[in-house]
Amino acid sequence: MLQGSSQSACRQCGTCCRNGGAALHQCDISLLQQELIPRSDLITIRKGEFAHNPLSGNVQATANEIVKLRGSGKEWVCCYYDTLSKGCKIYGNRPVACSTLKCWEPEESLKLVETDLLSRVEILGNDSATILLIAEYEGNCPLPDFKNLGFDLDLSAGETLERLEKSVNSDLAFRNHAVALSAMILKDEMFLFGRPLFQMLSPFGLDIIQAGTQLSVQINRNRGVRVQG
Ligand code: SF4
Ligand code: SF4
């Protein structure tokens, strides 16, 4: 129990659900196989992407990919959180990270962090065509080295921006091509490929500007260390 806290049960305040959807673990696989949670409600945080780590309390590069419940609209609030009733729309079928979470006694749920995570490949099972597509995406559109991005920008801004711009545009081109081929890919894009690279750059003090059909990456005037969860 948290020191000084008198809490001994969930107060259904919804704070944990508003902080973002749960990560999925091996024991959640049946929820996906039975389509109790469809792939279109998932988002992948790719290995190396910056995300909040509940163990360290910091925003840092992820050591492994994390497949989690997506947010609602542009927010990270879990897509299954009902703001009116302040309840969970899939309570009986919620992932293990939700059913073990006791904010007043976080030890059990903290043990789950980065443990037995479900990967995209495991979720896709024997769908080898889609697994190949993901491998092609990872090969063609690797993430930049976010850990050293600030340093690289300080050292050689021009070269780093040029490299990022190339990556942002190839990332978008790959997705546009893939979603044009299949309605399934369009529906499951966030699960299959995670967020587009251009959406990950603003916490690093970078702005994305549309320049015709291309995106341009520029340094924000207020650039500093402002990576947030
Ligand atoms: S576990 Fe804690 S944060 Fe989550 S709804 Fe219950 S009281 Fe709120
Ligand atoms: S699945 Fe339900 S309990 Fe879990 S984060 Fe979403 S709304 Fe909250």
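Colleague: Happy to look at this together! Which residues surround ligand 1?

Modeller: Bear in mind that this is a predicted model. For ligand 1 that gives Q7, C10, R11, Q12, C13, G14, T15, C16 and C103.

Colleague: And how do the residues of that shell around ligand 1 divide?

Modeller: Cys counts as nonpolar, Arg as charged, and Gly as polar. The shell includes C10, R11 and G14, one example of each class. Over the shell around ligand 1, the division is 4 nonpolar, 4 polar and 1 charged.

Colleague: Now ligand 2: how many residues of its shell are nonpolar?

Modeller: Its surroundings are C17, L69, C78, Y80, Y81, C88, I90 and C98. Cys, Leu, Tyr and Ile count as nonpolar. The shell has no polar and no charged residues, and its nonpolar residues number 8.

Colleague: Stepping back to the fold, what is the radius of gyration of the protein chain?

Modeller: The chain has 10 helices and 8 strands. For 229 residues the globule rule gives 17 Å, and the chain comes close to that, so it is as compact as a globular protein of that length. Its radius of gyration is 19 Å.

Colleague: Lastly, what percentage of the residues in the protein chain is buried?

Modeller: The chain exposes about 13,100 Å², with carbon and sulfur atoms supplying 52% of that area. A residue is buried when its relative accessible area is under 20%. Of the 229 residues, the buried ones make up 39%.

Terms used. Residues are numbered from 1 along each chain as its sequence is written. Chains are lettered from A and ligands numbered from 1 in the order in which they are written. This is a predicted model: local features need pLDDT of at least 70, side-chain atom pairs count only at pLDDT 80 or more; totals for chains, interfaces and linings use all residues. Side-chain values use heavy atoms; hydrogens and water are left out. A residue is near a molecule or strand if one of its heavy atoms lies within 4 Å of it. Helices (H or I, at least four residues) and strands (E, at least two) are DSSP runs, numbered from the N terminus. The radius of gyration is taken over C-alpha atoms; the globule rule is 2.2 Å times the number of residues to the power 0.38. Buried means under 20% relative accessible area, exposed over 50%, partly exposed in between (1.4 Å probe, protein chains only). Accessible areas come from the Shrake-Rupley method with a 1.4 Å probe; for residues, only the protein chains shown count as cover.
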